[in-house]
Amino acid sequence: MVGGRARARSPRELTDNPEARPEQPSTDVAAEAVRHIARKVTRVLDDRGLSLRATAAGSGVNRQAVADLLAGRSWPDVATVARLAHFTGVHLWPDITSINRKRTH
């Protein structure tokens, strides 16, 4: 999508089936990047048994902001992703090869 139009809809709304998110990929490159980040954070929290409250306290990111990211309801800013990456010790940014370029428009 061009300009701010993509951000008018949440990342989950930019999939063919929002209820299937995070498994449902998006054709929007930005929404797909957010999905990638959310899936990585979810895996780390599950693997380590971390709650949203513990993640918020450890990362300095508001608990609701973490919940919204994981549910695909928000577009996380760079500071949010950086803080979560620092807290988890996991590289969260998708590399260019992890997002299918043919699906973008």
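This is a predicted model: local features need pLDDT of at least 70, side-chain atom pairs count only at pLDDT 80 or more; totals for chains, interfaces and linings use all residues.
Colleague: How many helices and strands are in the chain?
Modeller: Helices (H or I, at least four residues) and strands (E, at least two) are DSSP runs, numbered from the N terminus. From that end, the elements run α-α-α-α. The count is 4 helices and 0 strands.

Colleague: What percentage of the chain's residues is buried?
Modeller: Buried means under 20% relative accessible area, exposed over 50%, and partly exposed in between (1.4 Å probe, protein chains only). The chain has 105 residues, and the buried part of them is 36%.

Colleague: What share of the contacts with a separation of 6 or more comes from residues 24 or more positions apart?
Modeller: Contact means heavy atoms within 4.5 Å. Among contacts in the chain with a separation of 6 or more, residues 24 or more positions apart account for 56%.

Colleague: What span does α1 reach from its first C-alpha to its last?
Modeller: The expected span is 1.5 Å times one less than the number of residues. For the 20 residues of α1, 28 Å is expected, and the helix comes close to that, reaching 29 Å.

Colleague: Which elements do the buried residues of α1 pack against?
Modeller: The buried residues of α1 are A31, E32, A33, V34, R35, I37, A38, V41, V44 and L45. They pack against α2 (52-59), α3 and α4.

Colleague: Which residues does R35 contact beyond its neighbours within four places in sequence?
Modeller: R35 is found in helix α1. At 9% relative accessibility, R35 counts as buried. Leaving aside those neighbours, its contacts are R21, P22, E23, Q24 and P25.

Colleague: How far apart in space are P25 and R12, C-alpha to C-alpha?
Modeller: P25 is found in the segment before α1. P25 is partly exposed, with a relative accessible area of 24%. P25 and R12 are 13 residues apart in sequence, and C-alpha to C-alpha the distance is 9.2 Å.

Colleague: Which residue caps the N-terminal end of α3?
Modeller: A side-chain oxygen lies 2.7 Å from the backbone nitrogen of Q64. The residue that supplies this oxygen, and caps the N-terminal end of α3, is N62.

Colleague: With which side chain does the D68 side chain make a polar contact?
Modeller: A polar contact is a pair of N or O atoms within 3.5 Å; within protein, one must be able to donate a hydrogen and the other to accept it, and residues adjacent in sequence count only if both atoms are side-chain atoms. D68 lies in helix α3 and is buried, with a relative accessible area of 19%. At 2.8 Å, the partner side chain is that of R73.

Colleague: Why is α2 called roughly perpendicular to α4?
Modeller: Axes are lines fitted to C-alpha atoms, for helices over the stretch in contact, and angles run from 0 to 180 degrees between N-to-C directions. Angles under 35 degrees count as roughly parallel, over 145 as roughly antiparallel, 65 to 115 as roughly perpendicular and the rest as oblique. α2 and α4 have their axes 9 Å apart and pack at an angle of about 100°. That angle makes α2, relative to α4, roughly perpendicular.

Key: Residues are numbered from 1 along each chain as its sequence is written. Side-chain values use heavy atoms; hydrogens and water are left out.
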